[in-house]
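Please look over the sequence and the structure below before reading the report that follows.

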Amino acid sequence: MSSDSSNGKEELTILRQYIHHIPRDEPHFDRRFRQIDFILSFAIEHYDKHGKGDGYFTPTWKVDRESIELVKKLKENHPEVRVVISIGGVGPEFPFNPAKKDRWIFNAVDSIKKIIRLYNDDRSYRNTIDGIDIHYDVINSSEDEFSFCIGEVIKQLKNDRNLSIHVVSIAPTKLVEPYYLKLYLDNKHNIDLVDYQFYNQKFSTKEEVVDLYKKLVIDYNPAKVLAGIGIPVDPILDKGIKYLVKHKLLPGIFLWNFLDSIDGPDTFSIEKYLHDL
């Protein structure tokens, strides 16, 4: 699929939101979005004094009976909603830097399964968690090691019939994009969405945004490439996103720090922004 071949075909139907907890009040949903993902961030691993990770992930968000019930209620009321666990983190204190590859993979699979099982729905005997997201902004290893370790974790989780992992996403940034591209090319049959962090780099013109997106679509074919925006949205990025939506090139977006922004100044309305896209 080339960038031109998708012209006029990609309706904006996917909305993803990085959050730290499931909203207590019933959220408002724009009916255009037929798929809405809440991405719980982050499950972080343990590190030794040398900054080496052991792959044993624990959630930084609140996990108790009330929050688990909120997840289940949200999904029961809204079949278009998926709940995803994001592993990794933002900043140099949360790098991908495994101490030992085999042990890292074993610990990662085991610990992520334990987090998923916290949300088990005993009523339907299915897991409530629908997927995982890979979100390392700092990678202190080789491209081969990153692809092998993360790829093996994705494969084992997605192929486990006792789980319900239907969606796997990766979140590249400009600085580490080669690592993610290697990961994708080696594991494209197990990776569904590419959430590129457009908000994490500067653009001089709208055309730069559009050209980068078209390149990503080619590089990560056949996965769906989503554009990540921060709140509030950079004006140049905003123009590029709206161009892509207008020309039906963009299937979805994801929002960074979505819930944090609700308590901020009233100068930016997320609902209005989504409505105007």
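## Salt bridges and the fold around them

The side chains of Lys182 and Asp186 meet in a salt bridge, with N and O 3.2 Å apart; a salt bridge here is a side-chain nitrogen of Lys or Arg within 4 Å of a carboxyl oxygen of Asp or Glu. This is a predicted model, in which local features need pLDDT of at least 70 and side-chain atom pairs count only at pLDDT 80 or more, while totals for chains, interfaces and linings use all residues. Residues are numbered from 1 along each chain as its sequence is written, and side-chain values use heavy atoms, with hydrogens and water left out.

Lys182 and Asp186 are separated by about one helical turn, because they lie four residues apart in helix α4 (residues 177–187). Helices (H or I, at least four residues) and strands (E, at least two) are DSSP runs, numbered from the N terminus. Lys182 has 26% relative accessibility and therefore counts as partly exposed, and Asp186, at 38%, also counts as partly exposed; in these terms buried means under 20% relative accessible area, exposed over 50%, and partly exposed in between, with a 1.4 Å probe and protein chains only.

A second pair, Lys215 and Asp219, forms a salt bridge whose closest N and O atoms are 2.6 Å apart. Lys215 and Asp219 are four residues apart in helix α5 (residues 206–219), so about one helical turn separates them. Lys215 is partly exposed at 46% relative accessibility, and Asp219 is partly exposed at 21%.

Salt bridges that share partners also join Arg16, Asp37, Arg82 and Asp195 into one network. Within it, Asp195 forms a salt bridge with Arg16, the closest N and O atoms being 2.5 Å apart. This pair links distant parts of the chain, since Asp195 is in strand β9 (residues 193–196) and Arg16 in strand β1 (residues 14–19), 179 residues apart. Both Asp195 and Arg16 are buried.

| Pair | Closest N to O distance |
|---|---|
| Lys215 and Asp219 | 2.6 Å |
| Asp195 and Arg16 | 2.5 Å |

A search of the whole structure finds 18 salt bridges. Side chains of opposite charge can pair when their charged atoms come close.

Turning to the chain as a whole, there are seven helices and 11 strands. The radius of gyration is 18 Å, close to the 19 Å that the globule rule gives for 277 residues, so the chain is as compact as a globular protein of that length; the radius is taken over C-alpha atoms, and the rule is 2.2 Å times the number of residues to the power 0.38. Along its principal axes the C-alpha trace spans about 45 × 40 × 35 Å, and 55% of the 277 residues count as buried.

Some backbone details also deserve attention. Most residues other than glycine have a negative phi, and most peptide bonds are trans. A cis peptide bond joins Ser41 and Phe42, with omega about -5 degrees, and Phe42 is found in strand β2 (residues 35–47). Another cis peptide bond, with omega about 0 degrees, joins Ile231 and Pro232, and Pro232 lies in the loop between β10 (224–230) and α6. Lys248, although not a glycine, has a positive phi of about 55 degrees, and its place is in the loop between α6 and β11 (252–256).
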